[in-house]
Amino acid sequence: MKFAVIGNPIAHSLSPEIHLAFAAQVGLEITYDRILSAPSDFHSTAQDFFTAHGIGLNVTAPFKQDAFKFATENDSASKAAGAVNTIHATDGVYLGYNTDGIGLVADLTRLGWPLQQAKILVIGAGGAAQGIVLPLLNQGAELFLANRTRARAEALKEQFPKIEVLGLEQLSRGWDIVINATAAGWQQQQLPVPSETFEDARCYDLVYQRDSRTPFIQQIESYAGDTSDGLGMLVEQAAEAFRIWHDVKPQTNSVLNALRNPKRQFISGAECPRCGNQDTIYVERDLLGTATLRACHACNYSEDMEGNVSVELQK
Ligand code: NAP
C-alpha cells in the first residue's frame, strides 16, 4: 500500500516517520515517501502518484489550495479552509480532507487547555489560520483574529462572522490562549505584537521543532503562562489522516514522545573533534532507526549524516 507526502520543500518532513510508526503500531505494511514537486507541477505530480497505484497523499505547503482543486469531492473541513492536506483515492475518485483543525483541537485537549468559552487570539490569517477557525468555533471558543495585512483577516470574518478582527499593534493582555498561525518565525522575524499580549496566556505555536523552542516561543516564553509548539498538532493531524485511509486510529502519545526524545547511541572510544572529550559522541536515530545526526554530549558539536557541521571546530 503506497502513501506519500508532497510539498516544496519536503526533505525535512516528519510525515514518513510518523505514518510508518503508526503502521508498525497496528501491524500494517505500507510505503510512505516524500515527493518534491515543482511549484507549477502539483496536478501532474499528484496524478502520476495515483496512476502508479498510490492510495493516499498528504499535502503540505505550498500545495494545500491546489489539492483542494485537485480533489473530486471535499469534506466540510476542507471546504471551510479552502485547503486540503489529505487525499484518499477510492473507487476512482479523489476525496479531499483537511485534518489540521482536528489535529490542533486534539493537541490542545491533550495539553488540557480548555476551549469551551475560552477567549482565543489567533495571530495570522493565512491558510493555516483559515483551517483552524471553524474547529475552534465548534469547540465553543470566543475567537479574535489579528493579522499583519488586516484585509486578509477581514476577509476571514466575512466567511466566519462570529470572529472579531483586531489590529496587531493595538493588542493587549487578557487572553486564555494565543495561537501563532504566522510564518514569521520561518523568516527569523519577531512578531510585531506588544509583549503584554502574551502575559499569563497559554501560547501555542503552529510551527514546530523537536526541542519545541521555536522563534515564537523564545520571543514570548518569559511572559506566557504556558507554551507549546505544534509538533503535537502535526502528529494528531497525521493520526486523523491515517484513520481516514486505514479505518483505525493509531496511538499518538508514544509517537510524539519518540519524536521529542530521539534515541541516542553513544560511540565507545570516539573523540569529539571540537572539545576533544572521549566517549561523548553519540548518533541520534529517528523513529525508524535511521541515523540522522552525530553530536557531542559535552559541547555543542553536531553534524548531519552528510557531514555538515553546525558549529566551528575551534576549541
Ligand atoms: P501562509 O498562508 O503563507 O500565511 C502566512 C501568515 O503569516 C500570514 O498571516 C502572514 O501575514 C503572516 N506573516 C508572515 N510573515 C510575518 C511577519 N514577519 N510578521 C507578521 N506576520 C507574518 O502560511 P500558512 O499555511 O498559514 O502557515 C503558517 C504557519 O503554520 C507555517 O509556519 C506552517 O508551517 C504552520 N503550520 C503548522 C501545522 C502543524 O501541523 N503544526 C499545520 C499547518 C501549518 P500577511 O497576511 O500579512 O502576509
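This short talk walks through one predicted protein model, from its overall build to a few individual residues.

Before I start, a word on conventions: residues are numbered from 1 along each chain as its sequence is written. Since this is a predicted model, local features need pLDDT of at least 70 and side-chain atom pairs count only at pLDDT 80 or more, while totals for chains, interfaces and linings use all residues.

Let me begin with the whole protein. Its secondary structure comes to 10 helices and 16 strands, where helices (H or I, at least four residues) and strands (E, at least two) are DSSP runs numbered from the N terminus. The radius of gyration is 21 Å, close to the 20 Å that the globule rule gives for 315 residues, so the protein is as compact as a globular protein of that length; the radius is taken over C-alpha atoms, and the rule is 2.2 Å times the number of residues to the power 0.38. Taken along the principal axes, the C-alpha atoms fill a box of roughly 65 × 55 × 35 Å.

Buried residues make up 40% of the 315. By buried I mean that 20 or more other C-beta atoms, placed from the backbone, lie within 10 Å of the residue's own, with exposed meaning 12 or fewer and partly exposed lying in between. Among contacts between residues at least 6 apart in sequence, 55% join residues at least 24 apart, a contact being two C-beta atoms, placed from the backbone, within 7 Å.

Now the domains, whose bounds come from an automatic or database domain assignment. That assignment gives domain 1 (2–98 + 234–257), domain 2 (101–229) and domain 3 (262–304), and the C-alpha centres of domain 1 and domain 3 lie 33 Å apart.

Of the 28 residues around the ligand, Gly126, Ala128, Arg148, Thr182 and Gly230 come nearest, a residue being near if its C-beta atom, placed from the backbone, lies within 6 Å of the molecule. The elements giving two or more residues to that shell are helix 5 (100–111), helix 6 (127–138) and helix 9 (231–246). By type, the shell divides into 14 nonpolar, 11 polar and 3 charged residues; here Ala, Val, Leu, Ile, Met, Phe, Trp, Tyr, Cys and Pro count as nonpolar, Asp, Glu, Lys and Arg as charged, and the others, Gly among them, as polar.

In soluble globular proteins, nonpolar side chains tend to be buried together. In this model the largest nonpolar core has 73 residues, and Ile120, Val122, Ile123, Val178 and Ile179 have the most contacts inside it; such a core is a set of buried Ala, Val, Leu, Ile, Met, Phe, Trp, Tyr and Cys residues joined through C-beta atoms within 7 Å. Helix 9 gives the most to this core, with 9 residues. Domain 1 and domain 2 both give residues to the core, so it lies between them. Leaving aside neighbours within four places in sequence, valine 178 is in contact with Leu121, Ile123, Thr197, Phe198, Ala201 and Cys203.

Next, some backbone details. The peptide bond from asparagine 8 to proline 9 is cis, with omega near 5°, and proline 9 lies in the loop between strand 1 (2–7) and helix 1 (15–26). A cis peptide bond also joins alanine 61 and proline 62, with omega about 5°, and proline 62 lies in the loop between strand 3 (54–59) and helix 3 (64–70). Aspartate 247, in the loop between helix 9 and helix 10 (253–260), has a phi near 60°, a positive value in a residue other than glycine. This aspartate 247 is exposed, with 7 other C-beta atoms within 10 Å.

Finally, strand 15 and what follows. Cysteine 296, in strand 15, is buried, with 21 other C-beta atoms within 10 Å. Beyond four places in sequence, the contacts of cysteine 296 include Cys272, Cys275 and Thr280. Histidine 297, in the loop between strand 15 (291–296) and strand 16 (302–304), counts as partly exposed, with 14 C-beta neighbours inside 10 Å. Not counting residues up to four places away, histidine 297 touches Thr280 and Tyr282.
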